[in-house]
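Have the viewer open and follow along.

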Amino acid sequence: MHNSKIGVYLCNCGTNIAKIVDCPALREYAEALPNVVVSKEYKYMCSNPGQEMIIQDIKDHGLDRVVVAACSPRMHERTFRSAIQTAGLNPYMFEMANIREQCSWVHEDTWAATEKAKALTKAAVLRVLHHEPLERMSVKMCPSTLVIGGGIAGLTTALDLAEAGQQVYIVEKKDQLGGNLARVDLTAPYLDSARDLLTERITRVRENNKIEVMLNSQLKSLEGFVGNFVAAIQIQDGRPVAETKKLEVGNVVVCTGYKEFDAGRITHYGYGKLPNVITSFEFEKMLKAGRVETKEGRIPQYVAIIHCVGSRSQEFHGYCSRVCCMTALKYAHEIKSAIPKCYVSDVYIDMHAFGKGHEDFYKRTSEVKTLFLMYGKNERPVIRKADRGDDCEMLIEVNEKLSGEVIEIPADLVILMVGMEAREDSSEVARSVNISQDKEGWFIESHPKLDPVATTTDGIYIAGTCASPKDIPDTVAQARAAAARILGKIARGKIDVEAVYAEVNQDYCSGCRMCNELCPYSAIEYDEQKRRSKVISAVCKACGACVSSCPSGAIKGRHFTDRQIYAQIEGVLA
Amino acid sequence: MSFEPKIVGFLCQWCSYTGADLAGTSRIQYRPNIRVIRLMCSARVDPSFIAKSLADGADGVLVCGCHPGDCHYAEGNYKTMRRFPFLKKMLAAYGIEDERVRLEWVSASEGQRFADVVNDMTERIRLLGPSRVRSKLQTDKAER
């Protein structure tokens, strides 16, 4: 160990780290740490040239341990472990210092952040000196997949997996498949029927004997790890008493979708008070029934569509819900074709026509004489009841930005384009499958750009609007990507599990059996003859509860040994 | 210069460490006084980790785990919850102020909560002043 040669690599992460942490000073500091023979900084350590640099240095300098100070180990520990493995080192002869998520992104003061980065880097260097080479075990991958949610995302993932010959279970909370899309009439911009899209999927799902659909059901708990999960599903479907079913699955795809913004929260639109102010979903219902009319059953002469209800506002949700602009244009189209004489006004903040065919659709809608009025983000239009003499139900006052004038427009029917928000039960789902949510409640992907399908928990994938507002093509793309990822893992047949588990030193064990009772997985067995306890490594999940409780100090938590943690404590306090 | 407390944090990697990372991805700013050590579970926290931290100069020790009922290992955090009062009792008997050692539950989605806990603990320890454990140990050594 004293002859160990450590290489320390500091990542600038573009400017993510470098703009707060003084990286040259950190590099110099790291170079002077014990056993460090080489210390370098680079723009992106995780990039190919970054990894190549480490691999080359391992060969050139005969490094036997590597420290990377960069992002969270949850992000790139695996990347660097496999890089050093390529150079012939055991992947566990590596340690990461988290100087991005837990330093440069959360502190503003360069001096304080640099001091903290130094401490974290020193802790990693001192710790890695005590690392030992560990061997990984591999376990079989259960080829079945659990899909949570039977909307367009869940149906699509399930079909791709089942059509490749793999078993799929769909758990749907409601009493029917289809999700939010089942509430939609036509889809923008090509005006295809949503029902046609769904019916085709649902029929294929129903006919596929590799897919088991559980309606009125929900996931109660998920235990185990990638390749070897046990899911407990509570099924109410038609039963007087809910039944709990246990399923063995290798992977899980979360496709729980979204809920619409409650329009009643914006009081001055009068939703819930003015009978002819309705939400986009209520209008879809009208379109599906084939009758565009007011509550009183009259044909509206004026229809106003208000965009960004709950979206792109400081008080509610800052984000864009992505589908409402095109849906609003679709409404203009459908109203015009149902009631050619109707005046349609479209009251928007910005027109987001970002997708394929969207700009064309916007142009076509403008040509059918829709009145477009632009309002400022923080100046919402005001709706009031019209006076007796007016030929309309309501009047909408808009501070129109393009003309700079306050314009009053008539309306018999007002459609509020309600945005998407995370479902109220999303935190329950996040907890049960152990994934994270952002501040708006959307599930967080493993990497926002490079890995938008996986999560930080191995074997758990996300698809569709449970991750963020999305249109149908993006949802389907993510759903199919999740299926492809899972099929790739199934094709390998096995997965490598962490080499991190507890072991009992038989010479130190006094046979007191304290640890036997503590283990939540019953992974510790007692040998009556030898009067010693022993950990079954394949069952152990490495929590370390037994390690900290052993009165003889006989249990070692591999890769989290006392010695390694002590070294880290010394490092952070230096 | 004002007193800047040194706090060692022991975070379980499933909930609290992920929550601390989330504070980062959400760019939630908090006091830079905490130095985090990642563990698999709060139940891995050996009393010696806390003792050593204090002996090596920490002014405070924060242990964070998943909320009760949410432990990745089913019940690790319950073990921590039950063990902690014993440790606190012992520390109190040695004159170590109650607020220096703290146990908090932070989930993977509670980036804001993690930041709040760190800020609150930093300010409380700032008011308490530096821990005397380390200097006492050094004086004892010198006098003997």
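## About the model

This is a predicted model, in which local features need pLDDT of at least 70 and side-chain atom pairs count only at pLDDT 80 or more, while totals for chains, interfaces and linings use all residues. Residues are numbered from 1 along each chain as its sequence is written, and chains are lettered from A and ligands numbered from 1 in the order in which they are written.

## Helix 2 of chain A

Helices (H or I, at least four residues) and strands (E, at least two) are DSSP runs numbered from the N terminus. Helix 2 of chain A, residues 48–61, has 14 residues and spans 20 Å from its first C-alpha to its last, close to the 20 Å expected at 1.5 Å a residue (1.5 Å times one less than the number of residues). After helix 2 of chain A comes Gly62(A), with a positive phi near 65 degrees.

## Its two sides

Gly50(A), Gln51(A), Ile54(A) and Ile58(A) are the buried residues of helix 2 of chain A (buried: 20 or more other C-beta atoms within 10 Å of its own; exposed: 12 or fewer; C-beta atoms are placed from the backbone). They lie on the same side of helix 2 of chain A because they cover an arc of only 100 degrees around the axis, taken from the directions from the helix axis to the C-beta atoms. On the other side, Asn48(A), Pro49(A), Gln56(A), Lys59(A) and Asp60(A) are exposed.

## Where chain A touches chain B

The contact (C-beta atoms, placed from the backbone, within 7 Å) takes 43 residues from chain A and 42 residues from chain B. Helix 14 of chain A gives the largest share of chain A's side, 7 residues.

Conventions. Two residues are in contact if their C-beta atoms, placed from the backbone, lie within 7 Å.
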